[in-house]
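Me: I have a structure to read. Please take me through its features one at a time.

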Amino acid sequence: MLLENSGLSVICRPVDLDEESLRLQCQDQGRSLAETAIALADAKADLASRVAGPGKLIVAADQILDLEGEAFAKPRSFQEARRHLLRLRNRTHTLQSAVVLYRGKEKLWAHVASPVLTMRNFSDGFLDAYLAREGEEILSCVGAYRLEGLGIQLFSEIHGTHDAILGLPVLPLLDVLRKIKVLES
C-alpha cells in the first residue's frame, strides 16, 4: 500500500521464511537488532528472487521492536499481545525498520530507520477495551499495535516518520530508485 500510494506499480509476493530461527541465529552471532532486521529483509529478498526472475527489482522489508535490546516478535495469542503491551506500557521503544533493494540476487542498497515511540501509562481497562476492539489484526503487528487504528491512543510521544513506523521507510527507497534511474528525478 505504501509503495502504491507513492505511485509505484508493485507485485506483492509473500515468502515463507522462518523469521524466528533467523532472528535467533543473528542473536547468537551478536548482531544488533538493526542488523538483524536487515538480515531478515535480505533473506526475504533472496527467497523472492527465486520466483521473480533474473534482473527484476525486489524490495523487501522487515521490522523488529527493540525494547532496550530485547526483540519483540508478532504476538502469537491475545494473552501474549496483552503481555507485550503491559511490558511496553509507560516505556520507550525503538522500531528497527529495514528495507533492502535487490536486482535479482544482487543487493543494491539497504537502509534502517529507527523511529522511537513512547507508550503512555494507559489503564488496564483501556488495554482490555483496546484488545477487544482491535481483535485478530493485532496478532499480525509487531508490538501488538496499529498506529493507523485505535493503537495511536496507546502513545504519548512518537519520533520518526509514519511510513517507517508502519514498516517501510519509503522516502529513502524513493531516493535510491531515482539514483538508479528507475524513477525520474
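Predicted model: local features only at pLDDT ≥ 70, side-chain atom pairs only at ≥ 80, totals over all residues.

Me: Which residue does UniProt list for "active site"?

Reply: Treat such annotations with care: they may be inferred rather than shown by experiment, feature names are shortened, and positions follow the numbering used here. The unreviewed UniProt entry lists D62.

Me: Where does D62 lie?

Reply: Helices (H or I, at least four residues) and strands (E, at least two) are DSSP runs, numbered from the N terminus. D62 lies in strand β1, residues 57–67.

Me: Is D62 buried or exposed?

Reply: Buried means under 20% relative accessible area, exposed over 50%, and partly exposed in between (1.4 Å probe, protein chains only). D62 has a relative accessible area of 5%, so D62 is buried.

Me: What does D62 touch?

Reply: Contact means heavy atoms within 4.5 Å. Leaving aside residues up to four places away in sequence, D62 touches E19, A37, L40, A41, K44, Q96, S97 and A98.

Me: With which side chain does the side chain of D62 make a polar contact?

Reply: A polar contact is a pair of N or O atoms within 3.5 Å; within protein, one must be able to donate a hydrogen and the other to accept it, and residues adjacent in sequence count only if both atoms are side-chain atoms. Here the partner is the side chain of K44, at 2.7 Å.

Me: Now the backbone. What is phi of E68, and where is E68 found?

Reply: Phi of E68 is near 50°, a positive value in a residue other than glycine. E68 is found in the loop between β1 and β2 (70–72). Its relative accessible area is 65%, so E68 is exposed.

Me: What about K181?

Reply: K181 is not a glycine, yet has a positive phi of about 70°. K181 lies in the segment after α7 (170–179). K181 is exposed, at 69% relative accessible area.

Me: How many salt bridges does a search of the whole structure find?

Reply: Side chains of opposite charge can pair when their charged atoms come close. A salt bridge is a side-chain nitrogen of Lys or Arg within 4 Å of a carboxyl oxygen of Asp or Glu. The search finds 14.

Me: How are R23 and E20 placed relative to each other?

Reply: They are three residues apart in helix α2 (residues 19–28), so about one helical turn separates them. R23 and E20 form a salt bridge, with the closest N and O atoms 2.6 Å apart. R23 is buried at 14%, whereas E20 is partly exposed at 32%.

Me: Which parts does the K107 and D42 pair tie together?

Reply: K107 forms a salt bridge with D42, the closest N and O atoms being 3.0 Å apart. K107 lies in strand β4 (residues 106–113) and D42 in helix α3 (residues 33–52), so the pair ties together parts that are 65 residues apart in sequence. K107 is partly exposed at 37%, and D42 is buried at 17%.

Definitions and conventions:
Residues numbered from 1 in each chain as written. Heavy atoms only, no water.
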